[in-house]
Amino acid sequence: MNSLRRITAAAACLLLPTAGLVLTAGTAHAAGSTTCSQSHLPLPDPSCQPGAFNRDVTQATIGSTICVSGWTKTVRPPASYTNKLKAQQIAAYGYTDTDPASYEEDHFVPLELGGAPRDPKNLWPEPRSGNEQASDKDQVENKLKQAVCNGTVTLDAARSAIVTDWTTALADLGLE
C-alpha cells in the first residue's frame, strides 16, 4: 500500500504543473496566485526567496570564480529563463504594475558573490522604482565583490550582510 501511495504522490507532483498548479511548502497554489508579500521591500519575501548559493563558489575558489573578470557571464541564466520566471513571480507578489520592464529579475545573493544562478529561491522581481531601487542594489553588489576579492571582507560575511539587508550591508561591514 505504501508503494501505491508513493506512486500516486509522484504522479500528482508531475501533473500539478499541467493543471496550472504549483506545489509550494506542501500545498498546491494556482499558478499566478499571490503567495509572496511585498511587506519586506526593498528585500524579497524571505519565505519565497531566502537566497541560494552556487556550490562552486567558496572562499577557497573565489580566485577562480567570482574574482575572475567576466566570470558571472559564464553562469548567468538566459533571458528566456529569467523572463518567464519574472512574469510568474510578478503575479506571485501581487504587484499592481505588471509590466516586466518595471522590474529587474534579481539574484538576491548576487552572482558576484556566488549566488545560485537558476534557483527560483534566489531570483525575484525587484522593483526599478521606489526609494531603494534595483540599480542601488547593483552598486552595493559591486562594492561587496570588490571587498571580497581584495580580502577586506570574507565571502560569508558579504553574503550574510546582503541577505540580512542590502541597504545597510556596506555600513554593517564598515565599507562606507
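**Note on the predicted structure**

1. Overall composition. The protein contains six helices and four strands. This is a predicted model, and every remark below should be read with that in mind. Read from the N terminus, the elements follow the order α-β-β-α-α-β-β-α-α-α.

2. The protein has 176 residues, of which 36% count as buried. Its exposed surface comes to about 9,800 Å², and carbon and sulfur atoms supply 55% of that area. Among the contacts with a separation of 6 or more, 64% are between residues 24 or more positions apart.

3. The disulfides in general. A disulfide is a covalent bond between the sulfur atoms of two cysteines. How many disulfides does the protein hold? The count comes to two disulfides. When the bonded cysteines are counted along the chain, the pattern of pairing is 1-2, 3-4.

4. The disulfide of cysteine 36 and cysteine 48. These two cysteines are joined with an S to S distance of 2.2 Å. The link is left-handed, with -110 degrees about the S-S bond. Both cysteine 36 and cysteine 48 lie in the loop between β2 (27-30) and α2 (71-75), so the pair ties together parts that are 12 residues apart in sequence. Are these cysteines buried or exposed? Cysteine 36 is buried, at a relative accessible area of 8%. Cysteine 48 also counts as buried, at 17% relative accessibility; the cut-off for this class is under 20%.

5. The disulfide of cysteine 67 and cysteine 149. The sulfur atoms of this pair are 2.0 Å apart. The torsion about their S-S bond is about -95 degrees, so this disulfide is left-handed. Cysteine 67 lies in the loop between β2 and α2, whereas cysteine 149 belongs to helix α4 (residues 134-149), so the pair ties together parts that are 82 residues apart in sequence. Cysteine 67 is partly exposed, with a relative accessible area of 29%. Cysteine 149 is likewise partly exposed, at 32% relative accessibility.

6. The nonpolar core. The largest nonpolar core has 27 residues. Which of its members touch the most other members? They are Ile66, Leu113, Val140, Leu144, Val148 and Leu155. The helices α3 (79-93), α4, α5 (155-165) and α6 (169-172) each supply at least two residues of this core. Leucine 144 deserves a separate remark. If residues up to four places away in sequence are not counted, leucine 144 touches Leu113, Ala158, Ile162, Ala169, Leu170, Leu173 and Leu175.

7. Helix α3, its length and its end. Helix α3 has 15 residues. From its first C-alpha to its last, α3 reaches 20 Å, which is close to the 21 Å expected at 1.5 Å a residue. The helix is followed by glycine 94, whose phi is positive, near 70 degrees.

8. The buried residues of α3 are Thr82, Leu85, Lys86, Gln89, Ile90, Ala92 and Tyr93. Why may these residues be said to share one side of α3? They cover an arc of only 155 degrees around the axis, which puts them on the same side of the helix. On the other side of α3, Ser80 and Lys84 are exposed. The cover over the buried residues of α3 includes β3 (103-107) and β4 (123-127).

9. Threonine 82 within α3. Threonine 82 lies in helix α3 and counts as buried, at 11% relative accessibility. Which residues does threonine 82 contact, leaving aside its neighbours within four places in sequence? Threonine 82 is in contact with Pro77 and Glu105.

10. Glycine 130 and proline 42. Glycine 130 lies in the loop between β4 and α4. At 47% relative accessibility, glycine 130 counts as partly exposed. Glycine 130 and proline 42 are 88 residues apart along the chain, while their C-alpha atoms are separated by 8.5 Å.

Technical notes
Residues are numbered from 1 along each chain as its sequence is written. This is a predicted model: local features need pLDDT of at least 70, side-chain atom pairs count only at pLDDT 80 or more; totals for chains, interfaces and linings use all residues. Side-chain values use heavy atoms; hydrogens and water are left out. Buried means under 20% relative accessible area, exposed over 50%, partly exposed in between (1.4 Å probe, protein chains only). Contact means heavy atoms within 4.5 Å. Accessible areas come from the Shrake-Rupley method with a 1.4 Å probe; for residues, only the protein chains shown count as cover. A disulfide is a pair of cysteine sulfur atoms within 2.5 Å. A nonpolar core is a set of buried Ala, Val, Leu, Ile, Met, Phe, Trp, Tyr and Cys residues joined through side-chain atoms within 4.5 Å. The expected span of a helix is 1.5 Å times one less than its number of residues. The arc is that of the directions from the helix axis to the C-beta atoms.
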